[in-house]
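I opened this entry to keep track of what I looked up, residue by residue. The structure comes first, and my notes follow.

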Amino acid sequence: MSQPERYDLAVIGTGLAGMAAAVFASSRGLRVVQAGSTGAISYTSGVFDVLGALPATREGQPARPVERPFEALPELLRDEPGHPYALLDPEDIRLAFHELMDFLRGAGLPYRAGGERNFLLPTPAGTLKHSWCVPETALPGCEALAQGAPACIVAIEGMKGFSARQVAVNLAPHWPGLTTARVAMPGHPGGEVYPEQVARMLEVPAARKALAEALAPLLGQARVVGLPAVLGMHRPGDVAADMERLLGRPVFEIPTMPPGVPGIRLKETFEGLLPGRGVALFCQQKMVGPLPAPGEPFRLRVAGQPVEHHVLADRALLCSGRFLGGGLGGLRGRPLTETVFGLPVAQPEDRAQWYRQDYLDPRGHAVHRAGLRVDAALRPLGRDGAPAHEGLYAAGSILAGQDWIRMKCGAGVAIATAFKAVTTLAGAR
Ligand SMILES: Cc1cc2nc3c(=O)[nH]c(=O)nc-3n(C[C@H](O)[C@H](O)[C@H](O)COP(=O)(O)OP(=O)(O)OC[C@H]3O[C@@H](n4cnc5c(N)ncnc54)[C@H](O)[C@@H]3O)c2cc1C
């Protein structure tokens, strides 16, 4: 049998944390092998939050939206000292985002970060979301909302999960003068239409021209046009610029329900570009193996290949997510487990403490803070409280102490902890 190929780093997982880690590691010249279900990333909304809300700390207190995420970090860490941000220098959060944004801009997916403030952007439910880093195709919407500029929200006939009327009615108190329009997608035979289909259709200039011609008479006095996120699958900035030229006014995208086009764009960008940067990427595969003895490399099996594939790696970065990604599991009636190496999971003592009485309680639930405890270098701790292996690191939502849904810090934790783990392990080579 031939010797397994040897890598500097095995990245376990292809959600946002794993993909960001592969970008950071390949930029630093590390030989990377990576596996996971890349579908995970399609479910993200495409906007990257650092901190959008501070959860309630006492009964009856509502969640507190955050306008200035970096200013609010000390308050978060006072209330939630076990949050992974406690292990990071805030400057590293910015550096991590900017390095990932540079990669995405080079791939034709430009993002903009909000400086000291979060952007405020409309959601498909017509609520407002605070987010620090947004695709540039969403920006004209943030600006128009801030200025109260007259805008028209456009729905596409047959597209489920996006109602221009719902967006406009719910946003009316914050954005007076919103109008709505509904248009059939030219060239589509009718019936149900999916955002991904429309995005791929709009890659073609003739389809953009036909849509603009159908839309123009419906826009009235609107100075800005909001569409569901369908402005092309690749290079959305170019598609948006062409629609702006055709309509004679700025257009912006509103993310749709998951899986939405902004998430699929990210997935296709990472999948398409990482192999060219030397990453051995195994999509829709698991990577499994035992925790090696001290000083030994990781011997991992890429499961699900028609031919068994084994790899050796000097270090491993566990980015396997929580329940959705499959990094944490738990059979009914049993404690939560970490599914790859069987690491100890910080969790409530028994299941009765997982949830509070009210599911929507703004203080959140203990089970949503479950995960791996790590040392200052992001190495998961074993049962004795020491790092489980000197070469094993963890990043992303598998880390304990954060409830990213309530704190609106999902992408921030994923990107910044991936950055910290990779820069630390690259420096320790
Ligand atoms: C519906 C939805 C909407 C979101 N919206 C936002 C938002 O608006 N703003 C924001 O900032 N964040 C948002 N997020 C959250 C953000 O995307 C999370 O931070 C992110 O999902 C966590 O990333 P992760 O990589 O840690 O885990 P995951 O995305 O869960 O990825 C885990 C990965 O590990 C893989 N894996 C598990 N076990 C193995 C194994 N044995 N071998 C190989 N691979 C394995 C899985 O296949 C998967 O690829 C959203 C997430 C969801 C689901």
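In which strand is the place of His130? I found His130 in strand E7, residues 128–131, where helices (H or I, at least four residues) and strands (E, at least two) are DSSP runs numbered from the N terminus. Before going further I noted that this is a predicted model, in which local features need pLDDT of at least 70 and side-chain atom pairs count only at pLDDT 80 or more, while totals for chains, interfaces and linings use all residues. I also noted that residues are numbered from 1 along each chain as its sequence is written, and that side-chain values use heavy atoms, with hydrogens and water left out.

**Entry: His130.** I looked up its accessibility and found that His130 counts as buried because its relative accessibility is 17%; buried means under 20% relative accessible area, exposed over 50%, and partly exposed in between, with a 1.4 Å probe and protein chains only. Not counting residues up to four places away in sequence, His130 touches Asp49, Gly52, Pro65, Val66, Glu67, Asn118, Phe119 and Leu120, a contact being heavy atoms within 4.5 Å.

**Entry: cores.** I then turned to the nonpolar cores, each a set of buried Ala, Val, Leu, Ile, Met, Phe, Trp, Tyr and Cys residues joined through side-chain atoms within 4.5 Å. The largest has 91 residues, and Phe48, Leu100, Phe270 and Ile415 have the most contacts inside it. Helix H12 (residues 410–427) gives the most to this core, with 11 residues. Leaving aside neighbours within four places in sequence, I listed Ala20, Val23, Phe24, Phe48, Phe270 and Ile415 as the contacts of Leu100. Apart from that core lies another of 25 residues, among them Met159, Leu202, Leu211 and Val239.

**Entry: helix H10.** Helix H10 (residues 261–273) has 13 residues and reaches 18 Å from its first C-alpha to its last, close to the 18 Å expected at 1.5 Å a residue, the expected span being 1.5 Å times one less than the number of residues. Its buried residues include Arg265, Lys267 and Phe270.

**Entry: salt bridges.** I counted 27 salt bridges in the structure, each a side-chain nitrogen of Lys or Arg within 4 Å of a carboxyl oxygen of Asp or Glu. Which residues does the bridge of 2.7 Å, N to O, bring together? It is formed by the side chains of Asp242 and Arg245, which are separated by about one helical turn because they are 3 residues apart in helix H9 (residues 236–247). Asp242 counts as buried at 14% relative accessibility, whereas Arg245 is exposed at 59%.

Arg369 forms a salt bridge with Asp403, the closest N and O atoms being 4.0 Å apart. This pair links distant parts of the chain, with Arg369 in the loop between E18 and E19 and Asp403 in the loop between E19 and helix H11 (404–407), 34 residues apart. Arg369 counts as buried at 19% relative accessibility, and Asp403 is buried at 2%. Elsewhere, salt bridges that share partners join Arg64, Glu75, Arg78 and Asp79 into one network.

**Entry: Leu360.** Last, I placed Leu360 in the loop between strand E18 (337–338) and strand E19 (392–394), and recorded that it counts as exposed at 66% relative accessibility.
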